[in-house]
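Subject: Structure for your review

Hello,

Here is the structure for you to look through. My notes come after it.

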Amino acid sequence: MNISEVAKITGLSSKSVRLYEDKGLISPPLRADNGYRVYTKKHAEQLMVVARSRRVGFTLEECKGLVQLANNPEATSAEVKEKALTKLKQFIK
């Protein structure tokens with residue numbers, strides 16, 4: 001899918017999708033022969049993790065860590081929960 005399609009699916013702007021790619025938050029998409037980015041379902045899933053995380057106050061670096069956890073088949077839900085609770089404690093202080 002192209003950038004406008006993945007942006008629509010994730011609720012992000014094309015500019016945000018490019019930013020998250022440039023910052024290394026998502027895996028780099030392949031390029032078509034015409035040079036356009038080609039996004040997969042996996043990219044959309046990664047972008048959804050970033051979008052949801054940003055909405056609740058995670059920094060870009062924290063989002064990168066969450067995407068890495070989401071991509072790791074050996075990661076446990078306890079690891080994700082720990083990160084979420086740590087972030088929550090920052091807001092409560």
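The model is predicted.

Core. The largest nonpolar core has 18 residues. Those with the most contacts inside this core are Val 6, Leu 12, Val 17, Tyr 20, Tyr 39, Leu 47 and Val 50. Two or more residues each come from helix 1 (3-10), helix 2 (14-22), helix 3 (41-55) and helix 4. As general background, nonpolar side chains in soluble globular proteins tend to be buried together.

Val 17. Setting aside residues within four places in sequence, Val 17 is in contact with Ile 3, Val 6, Ala 7, Leu 12, Tyr 39 and Leu 47.

Leu 60. This residue lies in helix 4, which covers residues 60-71. Its relative accessible area is 24%, so Leu 60 is classed as partly exposed; the class of buried residues requires under 20%. Not counting residues up to four places away in sequence, Leu 60 touches Tyr 20, Lys 23, Leu 25 and Arg 54. Between the C-alpha atoms of Leu 60 and Val 50 the separation is 8.0 Å, and these two residues are 10 apart along the chain.

Surface. Leu 85, Leu 88 and Ile 92 make a nonpolar surface patch of about 290 Å². Ile 92 belongs to helix 5, residues 77-92. Is Ile 92 buried or exposed? Ile 92 counts as exposed because its relative accessibility is 64%, and the cut-off for exposed is over 50%.

Regards

How values were computed. Residues are numbered from 1 along each chain as its sequence is written. This is a predicted model: local features need pLDDT of at least 70, side-chain atom pairs count only at pLDDT 80 or more; totals for chains, interfaces and linings use all residues. Side-chain values use heavy atoms; hydrogens and water are left out. Patches are made of residues with over 30% relative accessible area and no salt bridge: like charges are joined within 9 Å, nonpolar side chains (Val, Leu, Ile, Met, Phe, Trp, Tyr) within 5 Å. Accessible areas come from the Shrake-Rupley method with a 1.4 Å probe; for residues, only the protein chains shown count as cover. A salt bridge is a side-chain nitrogen of Lys or Arg within 4 Å of a carboxyl oxygen of Asp or Glu. Helices (H or I, at least four residues) and strands (E, at least two) are DSSP runs, numbered from the N terminus. Buried means under 20% relative accessible area, exposed over 50%, partly exposed in between (1.4 Å probe, protein chains only). Contact means heavy atoms within 4.5 Å. A nonpolar core is a set of buried Ala, Val, Leu, Ile, Met, Phe, Trp, Tyr and Cys residues joined through side-chain atoms within 4.5 Å.
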